[in-house]
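This briefing accompanies the sequence and structure shown below. The points that follow are grouped by topic and may be read alongside them.

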Amino acid sequence: MKVYKPEWQCTFSVNEGAVESATWKERIAWRLRQIADRLEGGGRTVKIDYNVSPHVSRDEVDTCLGKGFEVTQRLLTQLARQQACEDVMRHVKAELYEEQHQH
């Protein structure tokens with residue numbers, strides 16, 4: 001009886017700038033992205049590289065990325081809510097946050 005073993009591979013990376021080994025074309029592309037970020041303001045450009053084997057469709061990849069960004073949105077919203085609560089507490093009960101000096 002033959003035993004079949006499924007094999008797969010997935011690499012995923014997110015970059016916010018050119019790596020040291022980047023070609024001149026990649027460096028120019030990142031320079032343009034930085035300029036666009038400054039012009040638009042309030043955003044952040046990232047480049048997503050992935051390699052999946054066996055092949056999955058572009059639609060499937062897009063679905064996965066969309067779900068990942070939904071999770072990111074929820075996490076950022078939770079962090080913002082926590083920070084807002086802490087800011088209120090720091091204002092209302094500042095004495096709880098004062099550093100205690102040892103004498």
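**Asp 59 and the overall picture**

Asp 59 counts as exposed because its relative accessibility is 59%, and exposed means over 50%. The model in which this residue is seen is a predicted one. Asp 59 belongs to helix α2, which covers residues 58-92. The chain as a whole contains two helices and two strands, arranged along the sequence in the pattern β-α-β-α.

**Overall dimensions and surface**

- The radius of gyration of the chain is 23 Å, whereas a compact globule of 103 residues would have one near 13 Å.
- Along the principal axes, the C-alpha atoms occupy a box of roughly 75 × 50 × 35 Å.
- Of the 103 residues in the chain, 3% count as buried.
- The accessible surface of the chain amounts to about 9,800 Å², and carbon and sulfur atoms account for 55% of this area.

**Contacts and charges across the chain**

- When contacts between residues at least 6 apart in sequence are considered, 54% of them join residues at least 24 apart.

**Helix α1 and the residue after it**

- Helix α1 takes in residues 24-40, a run of 17 residues.
- Gly 41 follows α1 and has a positive phi, near 70 degrees.
- Most residues other than glycine have a negative phi.

**Strand β2 and Asp 49**

- Asp 49 is located in strand β2, and this strand covers residues 47-53.
- With a relative accessible area of 30%, Asp 49 is classed as partly exposed, because this class lies between the limits of 20% for buried and 50% for exposed.
- Apart from neighbours within four places in sequence, Asp 49 is in contact with Thr 11, Phe 12, Ser 13 and Asn 15.
- Asn 15 is 34 residues away from Asp 49 along the chain, and the C-alpha atoms of the two residues are separated by 8.2 Å.

- Ser 53 and Pro 54 are joined by a cis peptide bond, with omega at about 0 degrees.
- Most peptide bonds are trans.
- Pro 54 is situated in the loop between β2 and α2.
- In helix α2, Asp 59 is 26 residues from Arg 33 along the chain, and the C-alpha atoms of Asp 59 and Arg 33 are 25 Å apart.

Terms used. Residues numbered from 1 in each chain as written. Predicted model: local features only at pLDDT ≥ 70, side-chain atom pairs only at ≥ 80, totals over all residues. Heavy atoms only, no water. Helix = DSSP H or I, 4+ residues; strand = E, 2+ residues; numbered from the N terminus. Rg over C-alpha atoms; globule rule 2.2 N^0.38 Å. Buried < 20%, exposed > 50% of the residue type's maximum accessible area, 1.4 Å probe, protein only. Contact = heavy atoms within 4.5 Å. Areas by Shrake-Rupley, 256 points an atom, 1.4 Å probe, with all protein chains shown as cover. Expected span 1.5 Å × (residues − 1).
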